[in-house]
Amino acid sequence: MIYKTIFSLLTLITFSFASFQEVRIGKIHDYYKNKISEQQLRTIIDEIEHTFESQLNMNIFDYSLNGKPIDILFETPSKLEEKIQKKMEKLNSKLEKIEELKIQFPKMKEELNSSQNSYNEQISILNKKVEELNEYVRNINKKANLSKDEYSKAQNYINIEKSKIDIESKKQKNLHRDLIKQFNSYNQKIFSFNNLVNDSNRISNEIESMNRNVKKIKGKTFGEENITIKTYYKDGKLVKEKTNSISMNKIEIYGFDNLKQLKVVLAHEIAHLVGIPHIEAKNALMNPILPKTQEEKLVLTAEDILNFKENF
């Protein structure tokens, strides 16, 4: 199986001879000790056996302590894979920040609207007080021959109202300053968000481009071709008979993203182990490109069933 972008390519193996096989659990690398146990692997093997037998109405393979080993091995990532992994970590970090900002934006917008409303209300209060004072001054100015006492009272009232206006004006300025800060903070968050989105898209494109050059084997079935040549004379002529047979040895699994994927990869390789070749049918288990639909539910398609019946 070859992992390439979002698809997995399966090893190309063709057999001329198919036969019933027995399998067993072999080595499980320490790297997978927290990813899968022997019991989980045995359960997966039993589920594959049930799927095959229930759909094909015949026994394809059994589990046996003397069976061909299924080894779960670990391959050291290539330098390119390590670079992809680092970029994936960087991408995930940026995506997390994007999600955090998405959560913050509604609250920030709500606070911004609230501050804007408070500022507008304060402007209205201030303008009303200024207009009221201006109206009072206009009325005073219309009066002629104010007494000293009336003038003093008017001046005192104007000073008091001016003081009130100064207080309201300071409130207005403070609200305006806070509003500007909030606007700047919000705009800065928007700017950061846009940068994160652009960076994420760039990194994602880089990862996709790098993935096109990655070939990671998910698993492989090993077999040996045995050729026997028999020579004899018949009717005075030398005759050579060539007999081919394949002896299957083992299955090696080199990596899996989750147990569902492991189940499909292993089912594909067990089918190779008993002699079933690839087919090009869409969504088939034995398609050389591992179908995502099989990860959702392992099932033999009509084409798979025909493939088994023709080759087993």
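Modeller: Buried means under 20% relative accessible area, exposed over 50%, and partly exposed in between. The model is a predicted one.

Colleague: How many aromatic pairs are there, by a rule of ring centres within 6.5 Å?

Modeller: A pair of aromatic rings is described by the distance of the centres and the angle of the planes. With centres within 6.5 Å as the criterion, the count comes to 8 aromatic pairs.

Colleague: Is the pair of Y31 and Y32 stacked, tilted or edge-to-face?

Modeller: The ring centres of Y31 and Y32 are 5.0 Å apart. Planes over 60 degrees apart count as edge-to-face. The planes of Y31 and Y32 stand at 90 degrees, so the pair is edge-to-face.

Colleague: Is Y31 buried, exposed or partly exposed?

Modeller: The relative accessible area of Y31 is 42%. That value lies between the cut-offs of 20% and 50%, so Y31 is partly exposed.

Colleague: And Y32, buried or exposed?

Modeller: Y32 has a relative accessibility of 3%. Because the limit is under 20%, Y32 counts as buried.

Colleague: What kind of aromatic pair do Y136 and Y157 form?

Modeller: The centres of Y136 and Y157 lie 4.4 Å apart, with 50 degrees between the planes. Stacked needs under 30 degrees and edge-to-face over 60. The pair of Y136 and Y157 is therefore tilted.

Colleague: Which helices hold Y136 and Y157?

Modeller: The two residues are 21 apart, and their pair links distant parts of the chain. Y136, at 25% relative accessibility, is partly exposed, and Y157, at 36%, is partly exposed too. Y136 sits in helix 2 (residues 79-142) and Y157 in helix 3 (residues 148-211).

Colleague: Which residue lies over the face of Y63?

Modeller: A charge over a ring must have its NZ or CZ atom within 6 Å of the ring centre. For Y63 the distance is 3.8 Å, and the residue is R42.

Colleague: Why is strand 5 largely enclosed by the rest of the structure?

Modeller: Strand 5 (residues 68-72) pairs with strand 3 (residues 21-28) in the parallel sense over 4 bridges. In strand 5, K68 is the bridge partner of V23. Strand 5 is largely enclosed because, of its 5 residues, the number buried is 4.

Colleague: Where does helix 2 have a kink?

Modeller: Helix 2 has 64 residues and reaches 91 Å from its first C-alpha to its last, close to the expected 94 Å. The kink is about 30 degrees and comes shortly before the proline P106, at Q104.

How values were computed: Residues are numbered from 1 along each chain as its sequence is written. This is a predicted model: local features need pLDDT of at least 70, side-chain atom pairs count only at pLDDT 80 or more; totals for chains, interfaces and linings use all residues. Side-chain values use heavy atoms; hydrogens and water are left out. Rings of Phe, Tyr and Trp (its six-membered ring) pair if their centres lie within 6.5 Å; planes under 30 degrees apart count as stacked, over 60 as edge-to-face and the rest as tilted. Buried means under 20% relative accessible area, exposed over 50%, partly exposed in between (1.4 Å probe, protein chains only). A charge sits over a ring if NZ of Lys or CZ of Arg is within 6 Å of the ring centre and within 35 degrees of the ring normal. Two strands pair if DSSP finds at least two bridges between them. The expected span of a helix is 1.5 Å times one less than its number of residues. The bend at a residue is the angle between axes fitted to the seven residues ending there and the seven starting there.
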